[in-house]
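Trainee: Could you help me learn to read salt bridges and nonpolar cores in a model?
Mentor: Gladly; let's look together.

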Amino acid sequence: MGSQERSKKKVQLWKKAIVHFLLCFVMGFFTGFAPTSKSSIFSSHVTMSLSTSYSPQPMEVLHQSRMQNQNRSLLDDTESAGQNHSAKKAVVPQEEKREIEEFNPRRLAIVVTPMSTRNKLRKVLLRRLANTLRLVAQPLLWVVVEQQSNDSEVSEILRKTGIMYRHVVFKENFTDAHSEMDHQRNLALNHIEHHRLSGIVHFAGLSNVYDLSFFEEIRGIEAFGAWPIAKLSANRKKVVIEGPVCDSSQVMGWHLKKMQNVTENIRTPPIHISSFAFNSSILWDPERWGRTSSAQDTSQNSVKYVREEVLEEETKLKGIPGQGCSRVLLWDLHFPTKCRIKFMQAYHQ
């Protein structure tokens with residue numbers, strides 16, 4: 001009797017275990033067909049973020065995919081919290097603008113500096129201008145032009161500046177200082193045109209003094225740009241302003257200096273060589289430049305064409321700075337002969 005009761009209890013335990021197993025199996029089987037929306041959305045989001053984060057694509061593509069992920073997350077949040085939708089939607093454009101600005105590179109500033117052998121302070125002023133250009137944000141190219149000589153001091157100064165530069169030399173002799181300066185500027189423009197150096201060209205004299213924000217302003221020029229320049233003299237207590245008269249960033253006219261015959265020059269007002277800049281691509285664009293061919297020989301006066309284009313294309317001329325050209329960012333210092341002698345004596349001591 002005892003053995004029969006024991007066998008019955010064992011059979012009952014096995015039956016209970018089999019029933020529990022079958023119930024768990026059936027429940028698990030049907031549970032697998034039930035929808036699991038939260039887990040599927042989470043898994044797809046993780047997969048998408050991993051694929052975009054580790055995909056070997058260019059930076060622009062990564063930037064776009066990252067912004068798409070942010071937009072999708074914002075859309076998901078709006079479904080669960082509709083009250084915060086307008087606030088989050090207003091934040092997105094500002095973030096996109098900041099990231100686009102980070103990927104937008106600066107334009108090349110091409111600074112052209114001619115050097116005359118008549119200027120006894122040229123090497124001192126060259127070092128001073130180099131110290132200024134060191135502080136300018138890259139990219140910047142400095143084109144220095146001078147007459148060929150056995151003196152290698154200028155080359156040594158340029159090598160020690162740490163600035164990207166081009167040193168252009170010539171053999172011709174000139175008796176007129178203005179003709180020599182125009183010849184040097186034309187050589188620099190020919191060099192820029194020949195090598196297709198794309199950027200904003202500015203003629204910087206050795207006596208120029210700059211506000212560093214000036215170089216950021218000229219990088220925004222599309223075709224032509226102009227700005228006021230303050231002319232100072234060491235032995236005079238006055239400042240002469242030359243350059244454009246602007247309404248916002250639109251050029252409305254020009255500051256005219258005193259002339260003996262105003263009626264002859266009113267149509268072509270004088271413009272300082274350092275008070276304008278232009279896009280270098282105009283040099284090899286025949287239609288914009290008014291040439292029959294982009295090829296230019298060294299005898300052609302490119303500086304003259306630049307001046308004419310600046311004065312004639314006022315609709316394409318941008319006034320700098322944009323607040324009505326109301327701030328002076330560039331000064332031209334004039335050193336009389338007596339000041340130069342004293343300066344040289346102090347320099348050699």
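**Reading charged pairs and cores**

Mentor: A salt bridge is a side-chain nitrogen of Lys or Arg within 4 Å of a carboxyl oxygen of Asp or Glu. Here the side chains of Glu 180 and Arg 118 form one, at 2.6 Å from N to O. This is a predicted model, where local features need pLDDT of at least 70 and side-chain atom pairs count only at pLDDT 80 or more, while totals for chains, interfaces and linings use all residues. Residues are numbered from 1 along each chain as its sequence is written, and side-chain values use heavy atoms, leaving out hydrogens and water.

Trainee: How many salt bridges does the structure hold?

Mentor: Eight. Among them, Arg 127 pairs with Glu 153, with the closest N and O atoms 3.1 Å apart. Salt bridges also link Lys 123, Arg 127, Asp 151 and Glu 153 in a network.

Trainee: Which residues touch the most other members of the largest nonpolar core?

Mentor: A nonpolar core is a set of buried Ala, Val, Leu, Ile, Met, Phe, Trp, Tyr and Cys residues joined through side-chain atoms within 4.5 Å. In the largest one, of 34 residues, they are Leu 189, Ile 192, Phe 276 and Phe 278. A second, separate core has 31 residues, including Trp 142 and Ile 320.

Technical notes: Buried means under 20% relative accessible area, exposed over 50%, partly exposed in between (1.4 Å probe, protein chains only).
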